[in-house]
Amino acid sequence: MVTRKQLIILGSRFPSRRLMEQADYSIALATEEGSQLTPIGWTPALTTRAREVRAAIDAQVSGQSTAKEDVPRATADVGAATLVAKTWKRKLATWASIAFEDDDVTLDDFFVGGRIGRSTPRLVEYVTKTLPLVERHTVALVAEGMPADFAAQGAAALSALRTADSTQELNIETLPQATAALYEARGTLYRMIKKLNRLGRLLHDGDPSKASRYNQTILMRAGRAAATPAAPTPAPSIPSA
């Protein structure tokens with residue numbers, strides 16, 4: 001189950017106005033196809049809830065001139081440290097798979113912990129557990145192309161990840177109450193939009209044209225604008241009352 005901290009971190013990533021614009025599009029789409037969406041998991045109550053959260057964000061934004069920026073910065077730091085650590089993990093998995101192809105017992109040691117996903121604690125746990133393995137099997141791994149200082153690279157990645165995660169935790173704890181509530185609401189609304197899109201694509205599985213209407217083009221548009229203009233998002237028709 002998602003935690004409040006996770007919602008705050010998630011919500012810190014998206015500008016309120018663009019998220020609300022995306023919500024308006026998505027809610028209209030959910031209203032239009034509500035009877036078809038209900039049997040597969042998107043109920044009228046969820047549409048109502050999405051409207052309520054969207055309205056709460058609008059009210060909160062109107063009451064705040066600015067939102068504290070240290071959580072977004074700390075989130076970016078965690079993201080950068082996570083990227084380095086995950087790259088280290090993938091490289092290690094490749095070299096271990098080659099070096100211990102015929103030694104399942106040893107190879108299994110390099111794949112501990114199961115799926116990591118976006119969990120920073122799980123990634124920290126993985127690197128912590130596998131660093132001693134890298135040191136123990138250095139000769140075999142280096143013979144397959146691993147750099148001799150790969151353990152040191154992993155230790156540095158682990159240290160950076162722990163530091164960034166601790167900073168993020170501290171910043172969340174010191175957020176003004178109103179800002180934390182705004183971020184939490186934005187994270188909640190984003191997750192609802194994401195759920196709707198997944199169910200909408202499921203509803204129209206086999207019909208790419210209809211499935212493509214369930215998108216986050218509005219929300220992601222600014223992030224791509226510097227590279228290529230985003231294609232316009234077709235506005236869903238809203239049933240007459």
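Student: Over which residues does pLDDT stay under 50?

Tutor: This is a predicted model, and pLDDT is the predictor's confidence in each residue. Here pLDDT stays under 50 over residues 223-233. For that stretch the model has 11 contacts beyond four places in sequence.

Student: What is the mean pLDDT of the protein chain?

Tutor: The mean is 83. Of the chain's residues, 78% reach 70 or more.

Student: Now a single residue. Is Met-146 buried or exposed?

Tutor: Buried means under 20% relative accessible area. Met-146 has 2% relative accessibility, so it counts as buried.

Student: Where does Met-146 sit, and which residues does Met-146 touch?

Tutor: Met-146 lies in the loop between α8 (138-142) and α9 (150-173). Leaving out residues up to four places away in sequence, Met-146 touches Trp-95, Val-134, Thr-138 and Leu-141. Look at Thr-94 too: 52 residues separate Thr-94 from Met-146 along the chain, yet their C-alpha atoms are 9.5 Å apart.

Student: Next, helix packing. At roughly what angle do the axes of α4 and α10 cross?

Tutor: Angles over 145 degrees count as roughly antiparallel. The axes of α4 (residues 44-62) and α10 (residues 177-203) cross at roughly 150° and come within 9 Å. The two helices are therefore roughly antiparallel to each other. The crossing of α4 past α10 is left-handed.

Student: Which residues make the contact?

Tutor: From α4, they include Leu-46, Val-53, Ile-57 and Val-61. From α10, they include Ala-181, Leu-182, Leu-189 and Met-192. Arg-49 and Arg-54 of α4 take part as well, as do Arg-186 and Lys-195 of α10.

Student: How do the residues of this contact divide by type?

Tutor: Into 11 nonpolar, two polar and four charged.

Technical notes
Residues are numbered from 1 along each chain as its sequence is written. This is a predicted model: local features need pLDDT of at least 70, side-chain atom pairs count only at pLDDT 80 or more; totals for chains, interfaces and linings use all residues. Side-chain values use heavy atoms; hydrogens and water are left out. Helices (H or I, at least four residues) and strands (E, at least two) are DSSP runs, numbered from the N terminus. Buried means under 20% relative accessible area, exposed over 50%, partly exposed in between (1.4 Å probe, protein chains only). Contact means heavy atoms within 4.5 Å. Axes are lines fitted to C-alpha atoms, for helices over the stretch in contact, and angles run from 0 to 180 degrees between N-to-C directions. Angles under 35 degrees count as roughly parallel, over 145 as roughly antiparallel, 65 to 115 as roughly perpendicular and the rest as oblique. A crossing is left-handed if the near helix is turned anticlockwise from the far one by less than a right angle, and right-handed if clockwise. Ala, Val, Leu, Ile, Met, Phe, Trp, Tyr, Cys and Pro count as nonpolar, Asp, Glu, Lys and Arg as charged, and the others, Gly among them, as polar. pLDDT is the predictor's confidence in each residue, from 0 to 100.
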